[in-house]
Each structure stands twice: as C-alpha cells, then as structure tokens.
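These are my notebook entries on one protein.

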Amino acid sequence: MIRSATGQDDGTPTQRKATLFCWECDHTSTIDGDWQLRPRRQSLAYVCPECETTLAKRPRSNETVSHHALSGPFVAWQRTLRASATVWRASITASLSNLTALTEFAAAGSQPHSVIQ
C-alpha cells in the first residue's frame with residue numbers, strides 16, 4: 001500500500017486527490033492502493049477489500065486489448081451490421097422528413113404561395 005504524503009508541518013498525512021472511500025465500511029485507500037481490481041467484460045471494477053462493495057467501474061484501456069481481438073470475422077460482422085443499421089436509420093429518417101413535407105404540402109391544399117400567406 002502507498003503511504004499518504006505528509007504535507008503539513010506537524011507530520012500528519014494529507015489525503016491525495018486520487019483517494020477512494022468505501023461508502024459501506026468507510027475503508028479509505030489511494031486509487032492504486034489495496035483495492036481489488038476485477039475485470040468485467042468491458043470495464044474494470046474497483047472493489048473494497050473489506051466488504052466486497054463495488055465502488056467504481058472504469059472502461060478498460062485500449063492498450064490491454066490484443067491486436068487479434070480487434071480483427072477477425074466476428075469483428076468484421078459487427079462493423080458490417082453497425083454500418084448497415086446506421087444507413088437504414090438514416091434512410092428511415094430521410095423518408096419520414098419527406099413524408100412530413102408531403103403531408104404539409106397536401107394539407108395546404110396545393111394553393112399558390114400568395115394565397116397560403
């Protein structure tokens with residue numbers, strides 16, 4: 001465990017900014033202290049060593065992902081499906097805006113512009 005820095009004249013320790021506090025058991029330690037780090041699917045959980053309370057979940061860094069995990073058929077299919085869904089969503093949005101414009105034009109009764117005002 002890393003000791004707190006003594007920044008006061010009387011030698012009492014000062015808390016660092018990167019200090020986590022467990023709200024269940026009042027355990028206190030620095031971010032790189034004695035917290036248990038438990039990997040989740042897409043995050044890393046900080047768990048209290050005394051009461052097992054999950055304090056925070058942080059996204060995993062991209063550095064820990066292997067290059068092999070970023071390539072391959074599964075990832076290619078994910079990208080293809082995501083791109084297809086994005087294109088489909090954009091075409092639906094464009095269709096709805098065209099339909100709205102058409103219904104507003106039909107509701108105006110196709111009258112000349114000078115009569116509508």
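How much accessible surface does the protein have, and what share of it belongs to carbon and sulfur atoms? I got about 9,600 Å² in total, with 57% belonging to carbon and sulfur atoms. Accessible areas come from the Shrake-Rupley method with a 1.4 Å probe, and for residues only the protein chains shown count as cover.

Ground rules. I am reading a predicted model, where local features need pLDDT of at least 70, side-chain atom pairs count only at pLDDT 80 or more, and totals for chains, interfaces and linings use all residues. Residues are numbered from 1 along each chain as its sequence is written, and side-chain values use heavy atoms, with hydrogens and water left out.

Fold. I found two helices and five strands. From the N terminus the order is β-β-β-β-β-α-α. Both kinds of element are DSSP runs numbered from the N terminus: helices are H or I with at least four residues, strands are E with at least two.

Buried is under 20% relative accessible area, exposed is over 50%, and partly exposed is in between (1.4 Å probe, protein chains only). Among contacts with a separation of 6 or more, 19% are between residues 24 or more positions apart; a contact is heavy atoms within 4.5 Å.

Nonpolar patch. W88, I92, L96, L99 and L102 make a nonpolar surface patch of about 540 Å². Patch residues have over 30% relative accessible area and no salt bridge; like charges are joined within 9 Å, and nonpolar side chains (Val, Leu, Ile, Met, Phe, Trp, Tyr) within 5 Å. A salt bridge is a side-chain nitrogen of Lys or Arg within 4 Å of a carboxyl oxygen of Asp or Glu. I placed L99 in helix α1, residues 73-107. L99 counts as partly exposed because its relative accessibility is 48%.

Loop residue. I found Q42 in the loop between β3 (36-39) and β4 (43-47). Its relative accessibility is 66%, so Q42 counts as exposed. Leaving out residues up to four places away in sequence, Q42 touches P59 and R60. From Q42 to R58 is 16 residues in sequence and 8.6 Å in space, C-alpha to C-alpha.

Cysteines. How many disulfides are there? I counted zero, taking a disulfide as a pair of cysteine sulfur atoms within 2.5 Å. C25 is in no disulfide, and its nearest cysteine sulfur, that of C48, is 3.5 Å away. C25 is partly exposed, at 28% relative accessible area, whereas C48 is buried, at 0%.
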